[in-house]
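Here is a short walk through one protein model. Keep the sequence and the 3D view side by side as you read.

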Amino acid sequence: MGTFCSVIKFENLQELKRLCHWGPIIALGVIAICSTMAMIDSVLWYWPLHTTGGSVNFIMLINWTVMILYNYFNAMFVGPGFVPLGWKPENSQDTMYLQYCKVCQAYKAPRSHHCRKCNRCVMKMDHHCPWINNCCGYQNHASFTLFLLLAPLGCIHAAFIFVMTMYTQLYNRLSFGWNTVKIDMSAARRDPVPIVPFGLAAFAATLFALGLALGTTIAVGMLFFIQMKIILRNKTSIESWIEEKAKDRIQYYQLDEVFVFPYDMGSRWRNFKQVFTWSGVPEGDGLEWPIREGCHQYSLTIEQLKQKADKRVRSVRYKVIEDYSGACCPLNKGIKTFFTSPCTEEPRIQLQKGEFILATRGLRYWLYGDKILDDSFIEV
């Protein structure tokens with residue numbers, strides 16, 4: 001796709017600090033283990049210099065690794081694109097439809113949201129991804145989705161190599177008796193001796209890499225299908241949630257209105273082209289967006305303002321009965337609370353007995369909402 005024509009640009013060397021985070025460390029570790037073991041095992045199973053098939057297999061393996069890393073670093077370092085500090089619409093009257101961000105000292109452009117981790121308003125924000133330690137949004141949505149596609153495909157190829165390597169190596173070490181089957185891991189019964197020795201440690205490493213490859217295929221593959229589903233509807237994960245809340249608000253108040261998502265072009269292909277282009281640059285400028293016929297440019301932001309007002313009305317006020325340190329996975333609140341901790345990097349707010357919170361939604365053991373402090377709200 002056109003993403004491969006784009007060039008990774010670093011605003012400054014501070015961007016390299018994004019690598020110093022548990023998400024990129026784990027992600028790059030999995031890529032390194034699976035790629036390295038697949039290359040070693042491919043030499044054992046299908047020596048690339050002896051046959052055309054072996055050469056094609058090895059070149060494809062290297063190709064998967066390069067494309068995966070390219071899109072991964074593209075998504076991480078190019079970033080989602082941020083709303084300019086101090087931004088406001090050209091028509092001053094349009095500010096009545098927009099929310100104001102006190103941190104960025106700017107109005108939130110349509111489809112943009114403020115990210116606490118990035119500390120900026122992100123254009124067409126989908127979510128903050130810990131695996132790239134950056135937001136997924138307007139500029140890097142295509143690279144991020146391509147990474148989600150290529151990673152499972154590369155892992156499927158690697159898993160096939162792992163299985164075939166273990167099969168051929170174990171087969172060469174089998175010896176059959178009358179009542180027993182023995183496996184000699186010290187040496188293979190073949191000539192010539194393999195270039196890369198395959199002992200017990202190599203077998204364990206291959207088995208471990210196979211588990212990583214299969215797990216990555218399932219987990220990342222599911223994320224890819226989720227992303228493609230919303231891309232074909234020209235939405236983001238946040239906008240899907242806003243749409244669900246819009247339907248809930250209309251149903252709750254039994255209003256005679258229908259919420260129509262304004263950015264769905266009515267065609268999956270046209271929606272697809274909003275993200276993936278041959279030039280590698282997504283359509284638009286990230287601040288103004290084409291809308292479907294009959295919709296208002298600020299239909300979504302108007303709905304957000306309605307939901308913000310509705311949240312204050314429908315929120316439930318609770319009094320804190322126990323102190324909470326703000327730990328991500330608190331051990332002193334019970335096993336169920338510990339294991340049901342939400343998989344999100346949203347900050348947990350430290351609470352003291354006697355304080356009040358305003359809950360907007362919740363799970364069985366966790367609540368989302370606002371902390372009431374001196375007649376004001378701190379969003380949590």
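Which residues gather in a patch of positive charge on the surface? The patch is made up of Lys229, Arg233, Lys247 and Arg268. Bear in mind that this model is predicted.

Take Arg268 from that group. Arg268 sits in helix α6, which covers residues 268-273. Its relative accessibility is 64%. Exposed means over 50%, so Arg268 counts as exposed.

Now turn to a patch of another kind. Trp22, Ile26 and Trp131 form a nonpolar patch on the surface. Together these three residues have about 300 Å² of accessible area. Ile26 belongs to helix α1, which spans residues 22-45. Ile26 has 42% relative accessibility. That value lies between the cut-offs of 20% and 50%, so Ile26 counts as partly exposed.

The cysteines come next. A disulfide is a covalent bond between the sulfur atoms of two cysteines. How many disulfides does the count come to? The count is zero. Cys34 shows how the rule works. The cysteine sulfur nearest to that of Cys34 belongs to Cys155, 4.9 Å away. A disulfide needs two cysteine sulfur atoms within 2.5 Å, so Cys34 is in no disulfide.

Is Cys34 buried or exposed? Cys34 has 6% relative accessibility. Buried means under 20%, so Cys34 counts as buried. Cys20, by contrast, is exposed, with a relative accessible area of 67%.

How values were computed:
Residues are numbered from 1 along each chain as its sequence is written. This is a predicted model: local features need pLDDT of at least 70, side-chain atom pairs count only at pLDDT 80 or more; totals for chains, interfaces and linings use all residues. Side-chain values use heavy atoms; hydrogens and water are left out. Patches are made of residues with over 30% relative accessible area and no salt bridge: like charges are joined within 9 Å, nonpolar side chains (Val, Leu, Ile, Met, Phe, Trp, Tyr) within 5 Å. Accessible areas come from the Shrake-Rupley method with a 1.4 Å probe; for residues, only the protein chains shown count as cover. A salt bridge is a side-chain nitrogen of Lys or Arg within 4 Å of a carboxyl oxygen of Asp or Glu. Lys and Arg count as positive and Asp and Glu as negative; His and the chain ends are not counted. The place of a charge is taken as NZ of Lys, CZ of Arg, CG of Asp or CD of Glu. Helices (H or I, at least four residues) and strands (E, at least two) are DSSP runs, numbered from the N terminus. Buried means under 20% relative accessible area, exposed over 50%, partly exposed in between (1.4 Å probe, protein chains only).
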